[in-house]
Amino acid sequence: LRHRAGTLGRSSTFSNREAPAAMPGADAQNSAREPPEVWRNLPAHLAVRSAGAAGRGLFATTELAAGFVALSAPVIQISLGRSYSSSTCRSCLRSTPDEDQLPLCCKGCESVFFCSPACMASHTVQECQILQATAGDKNINKLEQGYINSLASMVGVLATCDDPAGRLQEVLALVHCDQWRRGSARNASAAKAAANRVSKLVAEYDEGTLLHTLLAGELNDVGIFNGEGEVIGKMASPQFAIANHSCLPSCAYTILGGKPTLTTLRPIVAGEQLTHCYVHLNRDGGERKAAIRDSWEFVCLCPRCRVGGDVSKQVTAFDEAHKCECGRVVLAAGGECQCSVGTLCL
């Protein structure tokens, strides 16, 4: 589930070309480019292949059973909304009921909270130093601080991984926006200011490189939700960004252990593309298609969008099995919404 009933990313502006028809994922523009190592390091049952007009996509290399966790993708950037940072664990991304404050807070930056000592151990010194230098600065607005949080988390990941140059290249290789279309002046100013501040704190990365990663996030970031389905933050995962959209998807998106996860909704045959739904399905067809085109600049041609009115037997059967009353795609629908299960720190 990405932006607008989904993530906090924003749509890009594609200059001098028509929006791609079909189901492009966030990385559709780069289909001819050699994929970086991250996509070669996918699980053996997955591969990145051409998806035609949709660019590249994520495909099964063997048969996958229904309910199989096909992908649990590593995350390189995380940013939680300021209103939710104290009630959402920065590591596992679970929230407290009623938005109560979590028991553990970093005493250095006083900006991130955790539900357990094990989760708190994931907080890096590098991230803490950046947050400590910026949090509470009255000259930094909420939007800029959100971008700083994303960059701080990425710097922390890169500082503690075996191949920082390779991990950074994974982000830089993703399709990225040339500008912010919504509130472009405000967003561009905040992102540039954030990249400039972080580049002065971390000598290894220049402002241009850091800004590029934020631009990539505008199309590729994935939403983080609380138990009520509210978007409370965003995270970036180059592996997960390859998965394309369908309003009649083969997989459900969840967050498990702080990672974006794809779980198959039905048996998948070898060679079949794995998709998930970027939007909530409670919108009618026209509103849903308009939201998709507005957010990601493509026309969805999945069976649900082609039939009109969502009346086909295939769509009806899918909705009875996998459409939650809240509109999210779930492993098993029925009864009251259970989307908060597994998202709470109890």
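Before anything else, a word on naming: helices here are DSSP runs of H or I with at least four residues, strands are runs of E with at least two, and both are numbered from the N terminus. What I am showing is a predicted model, in which local features need pLDDT of at least 70 and side-chain atom pairs count only at pLDDT 80 or more, while totals for chains, interfaces and linings use all residues. Residues are numbered from 1 along each chain as its sequence is written, and side-chain values use heavy atoms, with hydrogens and water left out.

On a 1 Å grid over the protein atoms alone, a cavity is a set of points where a 1.4 Å probe fits but cannot get out, whereas a pocket is an open set with protein on both sides within 12 Å along at least five of seven lines, and a lining residue has an atom within 4 Å of a point. Points are joined across faces, edges and corners, and a volume is the space filled by probe spheres set on them.

The largest pocket has a volume of about 790 Å³. Its lining is made of 33 residues, and those nearest its centre are L80, G81, R82, K142 and G146. Two or more lining residues come from each of β4 (77–80), α3 (125–134), α4 (142–160) and β8 (231–236), with the largest share, six residues, supplied by α4. If we count Ala, Val, Leu, Ile, Met, Phe, Trp, Tyr, Cys and Pro as nonpolar, Asp, Glu, Lys and Arg as charged, and the others, Gly among them, as polar, this lining has 13 nonpolar, 11 polar and nine charged residues.

Of its 19 residues, 15 are buried, so α4 is largely enclosed by the rest of the structure; buried means under 20% relative accessible area, with a 1.4 Å probe and protein chains only.

Which helices each supply at least two residues of its lining? They are α7 (207–220) and α8 (238–241), and the largest share, four residues, comes from α7. Among the residues lining this cavity are Q77, T213, D221 and A236. Also in helix α7 is L219, which counts as buried at 5% relative accessibility.

Finally, the strands, where two strands pair if DSSP finds at least two bridges between them. An open sheet of four strands runs in the order β1-β2-β12-β9, with mixed pairing. At its edges stand β1 (46–50) and β9 (244–245), each with a single partner strand, so one side of each is left without a neighbour in the sheet. Within the sheet, β2 (residues 56–60) and β12 (residues 273–276) run antiparallel and are joined by two bridges, and F59 has Q273 as its bridge partner in β12.

Strands β10 (residues 251–256) and β11 (residues 259–264) also run antiparallel, joined by six bridges, with T254 partnered by T261 in β11. Their hairpin has two residues between the strands, and there G257 takes a positive phi near 60 degrees.

Note on methods. Buried < 20%, exposed > 50% of the residue type's maximum accessible area, 1.4 Å probe, protein only.
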